[in-house]
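Please look at the sequence and the structure before reading on.

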Amino acid sequence: MRRHYRTFGVGPHFCLGVHLARLELQIAFEELLASLTDFELVEPPVHAVSMFNDGFKRMPIRFRRKRR
Ligand code: HEM
């Protein structure tokens, strides 16, 4: 995992809840993704143009909720 981001701060006041926060996010995304299906791109993604960040500016997707 890349460690160059500062989401959880830096130095002596680095976030004390980082492990709990990551675990909560991992569980939340696992549950969310497990409840959805049929993901598809609606249109081609648009890259963000930036010297500092790599990512998408737009990536419209479509999906359905799984039946229980
Ligand atoms: C996505 C969730 C979280 C983000 C993005 C986040 C982010 C941050 C950041 C950026 C700082 C540094 C603030 C500064 O430099 O002044 C910080 C500090 C701190 N965070 Fe988090 N945090 C998250 C979740 C949590 C959780 C779940 C807890 C505890 C259960 C927590 C407890 C703390 C504490 C106690 C500090 C202060 C540490 C110190 O001053 O030595 N955080 N957090």
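L41 is found in strand β1. Helices (H or I, at least four residues) and strands (E, at least two) are DSSP runs, numbered from the N terminus. The model is predicted, so local features need pLDDT of at least 70 and side-chain atom pairs count only at pLDDT 80 or more, while totals for chains, interfaces and linings use all residues. Residues are numbered from 1 along each chain as its sequence is written, and side-chain values use heavy atoms, with hydrogens and water left out.

L41 belongs to a nonpolar patch on the surface, together with L25, F29, L32, L33, F39, F56, M59, I61 and F63. Together these residues have about 980 Å² of accessible area. Such areas come from the Shrake-Rupley method with a 1.4 Å probe, and for residues only the protein chains shown count as cover. Patches are made of residues with over 30% relative accessible area and no salt bridge; like charges are joined within 9 Å, and nonpolar side chains (Val, Leu, Ile, Met, Phe, Trp, Tyr) within 5 Å.

Which elements supply at least two residues each of the nonpolar patch? They are α1 (18-34), β1 (36-41) and β4 (61-65). The largest share, four residues, comes from α1. Two members of the patch, L41 and F63, are 22 residues apart along the chain, and their C-alpha atoms are separated by 9.1 Å.

## Salt bridges

Side chains of opposite charge can pair when their charged atoms come close. In this report a salt bridge is a side-chain nitrogen of Lys or Arg within 4 Å of a carboxyl oxygen of Asp or Glu. How many salt bridges does a search of the whole structure find? The search finds three, listed in the table.

| Pair | N to O distance |
|---|---|
| D38 and R64 | 2.7 Å |
| R62 and E40 | 3.5 Å |
| R58 and E43 | 2.8 Å |

The salt bridge between D38 and R64 has its closest N and O atoms 2.7 Å apart. D38 lies in strand β1 and R64 in strand β4, so this pair ties together parts that are 26 residues apart in sequence. D38 is partly exposed, with a relative accessible area of 43%, and R64 is partly exposed with a value of 43%.

R62 and E40 meet through their side chains in a salt bridge. This pair links distant parts of the chain, with R62 in strand β4 and E40 in strand β1, 22 residues apart. R62 is partly exposed at 45% relative accessible area, and E40 is partly exposed at 41%.

The side chains of R58 and E43 also form a salt bridge. R58 is in strand β3 (residues 56-58) and E43 is in the loop between β1 and β2 (46-47), so that pair links distant parts of the chain, 15 residues apart. R58 is partly exposed, with a relative accessible area of 42%, and E43 is partly exposed at 35%.

## Backbone and loop

Most residues other than glycine have a negative phi, and most peptide bonds are trans. D38 is not a glycine, yet D38 has a positive phi of about 55°.

Where is A48 placed? A48 is in the loop between β2 and β3. Its relative accessibility is 31%, and A48 counts as partly exposed. The C-alpha atoms of A48 and I27 are separated by 28 Å, and these two residues are 21 residues apart along the chain.

## The ligand

Which residues surround the ligand? They are T7, F8, G9, P12, H13, F14, C15, L16, G17, L20 and A21. A residue is near a molecule or strand if one of its heavy atoms lies within 4 Å of it.

By class, the shell around the ligand has seven nonpolar, four polar and no charged residues. Ala, Val, Leu, Ile, Met, Phe, Trp, Tyr, Cys and Pro count as nonpolar, Asp, Glu, Lys and Arg as charged, and the others, Gly among them, as polar.

An oxygen atom of the ligand is 2.7 Å from an N or O atom in the side chain of H13.

Methods: Buried means under 20% relative accessible area, exposed over 50%, partly exposed in between (1.4 Å probe, protein chains only). A polar contact is a pair of N or O atoms within 3.5 Å; within protein, one must be able to donate a hydrogen and the other to accept it, and residues adjacent in sequence count only if both atoms are side-chain atoms.
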